[in-house]
Amino acid sequence: MEKLITLQTTAVPLPIEDVDTDQIIPARFLKAVTKEGFGDNLFRDWRYHKDGSENENFVLNNPTYSGRILVAGKNFGCGSSREHAAWALYGYGFQVVISSFFADIFKGNALNNGILPIVVDGNTLDAIFKKIESNPNTQFDLDVEAQVLKVEELNIDFELDSYKKECLLKGQDDIDFLVSLKDEIESFEAQQVIF
Amino acid sequence: MGKTLFEKIWDAHIVKTIQGGREVIYIDRHLIHEVTSPQAFSGLKQRNLPLFRKEKIVATADHNVPTLNQHLPIKEPLSKKQVDTLIQNCKDFEIPLFGLGHEKQGIVHVIGPEQGITKPGMTIVCGDSHTSTHGAFGSIAFGIGTSQVEQVMASQCLLLSRPKTMRITVNGKLAKGVTSKDIVLYIISKLTASGGTGYFIEFAGEAIKSLSMEARMTICNMSIEMGARGGMIAPDTTTFDYVKGREHAPKGDAWDKAVEHWSTLYSDEDATFDHEVAFEAKDILPMITYGTNPGMGMNVTETVPDVPNVKSLEYMGIEAGEQLLGKEIQFVFIGSCTNSRIEDLRQVAEFVKGKQKAVNTSVMIVPGSKMVEAQAKAEGLDKIFESAGFELREPGCSACLGMNEDKVPAGQYCVSTSNRNFEGRQGPGARTILASPLTAAAAAVYGKIVDVREYLN
């Protein structure tokens, strides 16, 4: 997993609520056996017409907007547990997703892939959308250590589990930690009554 | 203070609590399938880590498999590669695989319970959000991402933050023609598609206790559709009767000890939940969805509400204020981990016996497993489906998510017993209307959305 410490970038607005993982990456593109290449099919059915041509009305095809942050409506990432959704966002180039609410499994998957989900309140989300709308070059300045996102005069403090913060800053995932607990896990197993 | 059912099981699986409050939770059973496991196996290999407890893992091929001619090689090359990768990984790591051609192959959330692999009091995970199904047995079961699949493979544990608890009580008795699918669609329509996020839900009350295990599984299966981490129901004699005698169920003295322990798995009277909600069974009627998330549901007699999500109604070709009763449909899908068990098939067969499907409607019925398929055939249900013009397929996830060839054509309305009506879920442009097997059977026969209660004896 790559580290995420600071980030200065612009953002892409997606003011749609309940964006489910079938929209982020449709099931028919889940057939790969590696983690690569999913970015090409991020938001596939919104991004392309049935004939494969680009849908000019979709924000990812609008050259006005770019950046490594996706700003989305409430309940982003609901639905399936497919981690392919996180791989697709990361593969496309997003390192941060901002929303007023995230689905649980997506949130965990994002963090396990070096993507930071930032939860803001509904008013702040609206304010961010307005800023991007009035100036697509609005700069976002993220400091993971300080847990602060600056968007012009907005100083947004966001919550982040201390353990997960450490993981992002160091580019570590849970697996090394869990494997290091082998003795404790075996002691647990020894006392467990199994039916 | 007493404990909730959830707390009793969770607390019994804590290996360690770390700074910041996260807990290392031991996982009793890990189910895997071909779509969300290959990258986890690759990760293990790259890190040179062994599979920590191979005896606690079970595999099946379900998401990608064709539902016709399963005895022939898979035609679609990418699907074939994914299924072949699973076969190879199971061979390399010595994992039992209920793959294509196996007499017990099927949807991962159907085969676990029917073989007695799923038991009360367990922690169960799978790289699939509908793992919540297994909570019907009074277990903590939830879907995980592929990174977590790899973590469980490497350590049999997950590092988790404790979810909040919610109890949803459904009081009273269900009316005729109203099923567990209607209960859960009703609950989701009231709580919304995100109303359960952050919570582990216990379903309780007379209406829930009166349900069979199959019906309970349908409810727990869809907990995730309100965003919940999982759903569960306290085990009782219905649960024990279902588990008893199954292949992996405890036998003899071990059975008695197990039942003694399982009988302690309920929420204590003085236990407190972070949130409680109650509904009355008499308020629940046959349900359908009209939009593109499972929270957009209503009873079949209502008119489509004026919702802010205009894009959703546009996609569905449905207008606010419209009544869907009488709306022509072109496709019916009966299957998925929500409703493909023997009881679902029996219910459909009982309704369609002696009837024919409508001329304008295609009907696909996909059993959840080879064991369900065999049972259906033994009971002669296949003959009923055949004479009704229903196409009985071989087991798999099928048109629930359209990863294989089974897709609903663009623009067509499909009354589906599955769990998600997301845009394009059943195929690009497909318009999904979620419903119970009974409502789906009636839609198949009349070629339109009907109130099934009017057609019951």
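How many of the 195 residues of chain A count as buried, in percent? The figure is 44%. Please keep in mind as you read that this is a predicted model, so every value here is computed from it.

**Chain A and its sheet**

Let us begin with the overall build of chain A. Its secondary structure consists of eight helices and eight strands, and its C-alpha atoms fill a box of roughly 60 × 45 × 25 Å along the principal axes. If you look at contacts in chain A with a separation of 6 or more, 68% of them join residues 24 or more positions apart.

Within chain A you can find an open sheet of four strands, in the order β2-β3-β4-β5, with parallel pairing. Its edge strands are β2 (11-14) and β5 (116-119), each of which pairs on one side only. From one strand to the next, the twist averages 20°. Strands β3 (residues 69-72) and β4 (residues 96-99) of chain A pair in the parallel sense over three bridges. There, L70(A) stands opposite V97(A) of β4(A).

**The nonpolar core**

Both L70(A) and V97(A) turn up again around L89(A), which touches I24(A), L42(A), L70(A), F94(A), V97(A) and I115(A), leaving aside residues up to four places away in sequence. L89(A) and V97(A) also belong to the largest nonpolar core, which has 198 residues. The members that touch the most others are V71(A), L89(A), V97(A), I288(B), V332(B) and C414(B). This core draws at least three residues from each of domain 1 (1-284) and domain 2 (287-455) of chain B. As a general background note, nonpolar side chains tend to be buried together in soluble globular proteins.

**Where the parts meet**

Now for the contact between the chains: 43 residues of chain A are in contact with 59 residues of chain B. On the chain A side, the elements giving two or more residues are α1 (21-24), α4 (104-111), α6 (162-170), α7 (174-179) and α8 (182-191). Of these, α7(A) gives the most, with five residues.

Chain B is itself divided into domain 1 (1-284) and domain 2 (287-455), and 24 Å separate the centres of these two domains of chain B, taken over C-alpha atoms. Their contact takes 39 residues from domain 1 and 37 residues from domain 2 of chain B. In domain 1 of chain B, α4 (108-114), α6 (180-191) and α8 (213-221) each supply at least two residues to the side that touches domain 2. The largest share, six residues, comes from α6(B).

The table sets out the residue classes on two of these contacting sides.

**A covered helix in chain B**

Which helix of chain B is mostly covered? Helix α15 (residues 437-446) is, with nine of its 10 residues buried. Among the buried residues are P437(B), L438(B), T439(B) and V445(B), along with A440(B) and A441(B). Their cover includes β13 (287-289), β15 (331-334), α12 (342-352), β16 (362-365) and β18 (413-416) of chain B. Following α15(B) is G447(B), whose phi is positive, near 70°.

Notes. Residues are numbered from 1 along each chain as its sequence is written. Chains are lettered from A and ligands numbered from 1 in the order in which they are written. This is a predicted model: local features need pLDDT of at least 70, side-chain atom pairs count only at pLDDT 80 or more; totals for chains, interfaces and linings use all residues. A residue is buried if 20 or more other C-beta atoms lie within 10 Å of its own, exposed if 12 or fewer, and partly exposed in between; C-beta atoms are placed from the backbone. Two residues are in contact if their C-beta atoms, placed from the backbone, lie within 7 Å. A nonpolar core is a set of buried Ala, Val, Leu, Ile, Met, Phe, Trp, Tyr and Cys residues joined through C-beta atoms within 7 Å. Domain bounds come from an automatic or database domain assignment. Two strands pair if DSSP finds at least two bridges between them. Axes are lines fitted to C-alpha atoms, for helices over the stretch in contact, and angles run from 0 to 180 degrees between N-to-C directions.
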